[in-house]
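Work through the exercises below with the model open. Try each task before reading its solution.

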Amino acid sequence: MSNNFLTTVYGTLVSPNTTFDKIVENDDIGVFEAFCAILMVTVIGSLVDYSGSSVFILPFYTISVVITALIQWIFVAAVIDGVASIFAHKSKFDNLLATTGFAVLPWMLMGPVVLFKTFGLSGLGLIPFLIGIILALIIWIWSAILFLLAVAKTYNFSFGKAIVLSIMPFLAGLIAFSWLLGFINNLIVFAKP
Amino acid sequence: MKKDILALAIIIICCLGALIGLIGSFREPSSIVDNSTVKASEKNLLSKLTGGDKIAVIRLTGVISDSTEDSDFFVSTSPAIKARKYLDKAAKDKSVKAVVFRINSPGGTVAASQEVYEAMLRCRERKPVVVSMGDVAASGGYYISSAADVIVANPGTLTGSIGVILNAVSFIDLMDKIGVKSNVIKSGKFKDIGSSMRPMTKEDKELLKGIIDNTYEQFVGDIIKGRIDRKDIADTKKIKKVKKSTTSKKDFKDDEEEINETQLTPEILRENADGRIFTGQQALKIGLVDELGDLDKAKIIALKLAKKRFKNVKDTIDFEIYDKPQTFAEILLEIKSSVIPKSSMDQAIPFSVKYPNQPLWIME
């Protein structure tokens, strides 16, 4: 597993096209490896994002971040697979979880990039600070492209179709949010005189 | 194999970077931009971008209570709970160099007021706290203010009302008229003390008076603790030599104001702690407040105190509204409270009637 995992990590960052093809075709690299990738990225992400004043709260914060990321990963994959299976006439939920799990790997590079903000590099002036922001932006774009590639490779779709599919979870989220707002509004109307 | 080693190296570098970054994030924000080779304009911009030093402005508006009426969807909207929470947060936040506490309250329940008072004392131990009084800061509102380093009131602010009130409504005559009787079975003679269904006995009155007197002593005792028995009183008096400023915090003029040297003493306090109310101007004369002025003046005093207490506090420091809604639920409730106003009938009922048989620190 470890060899496959490390090779896939390297491949996702260097040659994602062929790596995602291998993930889809090869059953050796599956959901568990993708789960490990997500776990690694979210733990690093929680260290990067943590803004509390006490170290003792950090483990609880990390656990909450990991759980949120896992729910988000499964929800997004489920919505995309639900819609994609209409066009592809076949569910590839496992494959999608595997590819999208590895697609978030560029985010782990925020570990060193965040040093531009937190560890004195910003003390060198505005330019290193701006470099940090630009690098963060590049990581975001890189990860977004990998995500679209993961969707396209899993279902053998075009990039354009993958973009439309990837928007679906956000639309689903918006609809769910508007339902929630309506529900809250009804509760307020009935609860208050 | 080579690919695996490279992947492992990348992962290790990323983990180390995050860990070092985490250690860096625990440093004082000011030290991040504390480099003499960087231009002042760049430092200012960096300070803003990295969340630099600030003076927190915390607001307490309305009746001080811990009531469940002030909760929606598991989130408390009680002004007292929010004020306490943000005072504690500001006390721990290293980037907050001083607190301006804007209060506009006629008072409220005893325990809720005491909790905010204690939170302010905790905050004052770590950083300066300046109270700015709005329209009203009376009774429990004044009690909380007394925990601050400096109290700034507007000349027309209504303050004082130091005292305790308990209201026991009686429905006996009304019940007689409509032919309703109440049958009470109780374990002790005082179990239904203050009941609106029976007349108050002499013993009831004596017991309730004891509670009122005890709460009153707590009230006065805490004002003495907060404003009179203070070790740093001399320092605060010095700071009160505040320079006048224009609306801009950067533009200080040199002319000094007349300093109020009236010192509140326990004797003056007890003499005036009979429930009477004062304007800000009257309160200044007996030393209940330290300065006359608006919120801007309170901010300038807070800046002065912060500069005295901490190193590297700049005149260009940001004043941040610290009690802005932060979580999703808080934002929703903020929208809700602005869209759906509270019932006007609810506001017309005196607070002591809403909280019967309970000692209150409120201006009725």
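**Exercise 1: a residue in chain B**

B:L284 has 17% relative accessibility, so B:L284 counts as buried (under 20% relative accessible area; exposed is over 50%, partly exposed in between; 1.4 Å probe, protein chains only). The model is predicted: local features need pLDDT of at least 70, side-chain atom pairs count only at pLDDT 80 or more, and totals for chains, interfaces and linings use all residues. Residues are numbered from 1 along each chain as its sequence is written, chains are lettered from A and ligands numbered from 1 in the order in which they are written, and side-chain values use heavy atoms, with hydrogens and water left out.

Solution. 
1. B:L284 lies in helix α11 (residues 280-286) of chain B. Helices are DSSP runs (H or I, at least four residues), as strands are (E, at least two), numbered from the N terminus.

**Exercise 2: a helix pair in chain B**

Task: describe how α4(B) and α5(B) pack.

Solution. 
1. Two packed helices are described by the angle between their axes and the distance between the axes.
2. The axes of α4 (residues 79-92) and α5 (residues 110-126) of chain B come within 9 Å and cross at roughly 15 degrees. Axes are lines fitted to C-alpha atoms, for helices over the stretch in contact; angles run from 0 to 180 degrees between N-to-C directions.
3. Therefore α4(B) and α5(B) are roughly parallel (under 35 degrees; over 145 is roughly antiparallel, 65 to 115 roughly perpendicular, the rest oblique).
4. The residues of the contact between α4(B) and α5(B) are nine nonpolar, no polar and six charged. Nonpolar covers Ala, Val, Leu, Ile, Met, Phe, Trp, Tyr, Cys and Pro; charged covers Asp, Glu, Lys and Arg; the others, Gly among them, are polar.

**Exercise 3: a helix pair in chain A**

Solution. 
1. A:F20, A:I23 and A:V24 of α2(A) meet A:N95, A:A98, A:T99, A:F102 and A:A103 of α5(A). Contact means heavy atoms within 4.5 Å.
2. The classes are six nonpolar, two polar and no charged.

**Exercise 4: chain A overall**

Task: how many helices and strands does chain A have, and what share is buried?

Solution. 
1. Chain A has nine helices and zero strands.
2. Of its 193 residues, 44% are buried.
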